[in-house]
Each structure stands twice: as C-alpha cells, then as structure tokens.
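Here are some notes for a first look at this model. Please read them with the structure open.

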Amino acid sequence: MSNPEQLIAGFEARMAESQRKADRMVGEIEAVSVSERSKDGQIGVKVDHAGNLVGLEIGLSVRDRPDLAEEILRTVKSAQSKLAGAMRAGVTDPVGPEVMNQLVSRLEQAFPAPEPEGFAPPAAAPRSEGDRFVPEEERPPPAAPKPPEPPRAPRPPSDDGRDDDYFSDGDYLR
C-alpha cells in the first residue's frame, strides 16, 4: 500500500497539470478570431472566438449603398460560420477530444453557413404533391375562397320568458 501523502501529492500534481492545460486551452480559444471580406472587398469584418463583431471596415465607395447593412450582416455571418474550423486549427492542445468536439459542435449550431447569395426561400408551399413539379405557367388558378356563412337567426324566446341559454335556474334536465 502507498503512503497517503504520496497519493495526495500525486493527485495534486495531476490537478495542477490539468489546470495548466485548461488555462492554455482557454488562452488559445480566446485568441481565435476570423476576418472576412465582402465579395467586392469593400467591407471587412473581424469576429472574436464568441462570434462577436470586433472589427469593421467600410470602403468609401459603398458607404451610401442602400443595402450596406445587409452586406455587412452577410459578411459577419460568413465570418461566424468559419469559427468552428478556426477553433479546430487554433486550439492545438485541447483538454480532451470530447471538449473540442462539443465546442466545435456548439459553434456549428450557433453559426451555420449562410445561405448562398441570391437564394430566396419559396413564397408558399405547393398546394399538393402533384403541383410540386408543374411549371408555374401550367398550374391552374387557385380556387376562389368560399363566401362567409350568413349569420344565424336569433333563437326565439321560451314560452315563459326566461332565457334558458345559461341554465340560470340550475336545472338543465327539464
């Protein structure tokens, strides 16, 4: 049997080594950032390890564009979607593969790849499975909506003049 003091000293040494590895990993994670430029190169963004925008450059020629905000957001999303890969490349000595896989998985869920430019989701779902592959010009026009039903005539009052709709006398089995 080993000396209890040696067991405790060994345990403390392993804990200190684990703490050093964890501190080094945190430092490497915090150092990860991604820079991205728009397609025309006029907008540049930089996001940190958490996906926060930490740098923004806007060229003079695009400052008056009406779609400037959308282009900035598109560029930021593109940079954020590359964080998972940058994390894998930037963190050289993870505490464990499970930790790295979980970190990368969370980044991929939080920052999915942006939709391709020019992509527009369909305006409405097809009416039936058969309509899915019929060209728009060959589809029959949609059916006209049904007219609303006319209001119902009020119920005639009961013979004794009481309104029995709410069973105010407590007896519903007359």
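**Notes on the predicted model**

1. E108 is partly exposed, and its relative accessible area is 47%. The model is a predicted one. E108 belongs to helix α4, which covers residues 97–110. Look also at K82, which lies 26 residues from E108 along the chain. The C-alpha atoms of the two are 8.6 Å apart.

2. Which residues of α3 and α4 meet? On the α3 side they are L83, A84, M87 and R88. On the α4 side they are M100, N101, L103, V104, L107 and E108. E108 is thus part of this helix pair as well as being partly exposed.

3. Now the geometry of that pair. Two packed helices are described by the angle between their axes and by the distance between those axes. Here the axes of α3 and α4 come within 8 Å. They cross at roughly 160 degrees. An angle over 145 degrees counts as roughly antiparallel, so α3 and α4 are roughly antiparallel to each other. Their crossing is right-handed.

4. The largest nonpolar core has 20 residues. Its members that touch the most other members are I43, V47, L83, M87, V91 and L107. The elements giving two or more residues to this core are α1 (4–31), β2 (43–47), α2, α3 (83–90) and α4. Of these, α2 gives the most, with four residues.

5. Is T75 buried or exposed? Its relative accessibility is 3%, which is under the 20% cut-off, so T75 counts as buried. T75 sits in helix α2, residues 68–81. Its side chain reaches the backbone oxygen of E71 at 2.8 Å. Setting aside residues up to four places away in sequence, T75 touches E36, R37, S38, I43 and V45. One of these, I43, is also among the core residues listed in point 5.

6. Last, the whole chain. The protein chain has four helices and three strands. Along the sequence, the pattern is α-β-β-β-α-α-α. The chain has 174 residues, and 19% of them count as buried. Among contacts with a separation of 6 or more, 50% join residues 24 or more positions apart.

Key
Residues numbered from 1 in each chain as written. Predicted model: local features only at pLDDT ≥ 70, side-chain atom pairs only at ≥ 80, totals over all residues. Heavy atoms only, no water. Buried < 20%, exposed > 50% of the residue type's maximum accessible area, 1.4 Å probe, protein only. Polar contact = N/O pair within 3.5 Å; in protein donor to acceptor, adjacent residues only side chain to side chain. Contact = heavy atoms within 4.5 Å. Core = buried A, V, L, I, M, F, W, Y, C linked by side-chain atoms within 4.5 Å. Axes fitted to C-alpha atoms, helices over the stretch in contact; angles between N-to-C directions. Parallel < 35°, antiparallel > 145°, perpendicular 65-115°, else oblique. Left-handed = near helix turned anticlockwise from the far one by under 90°.
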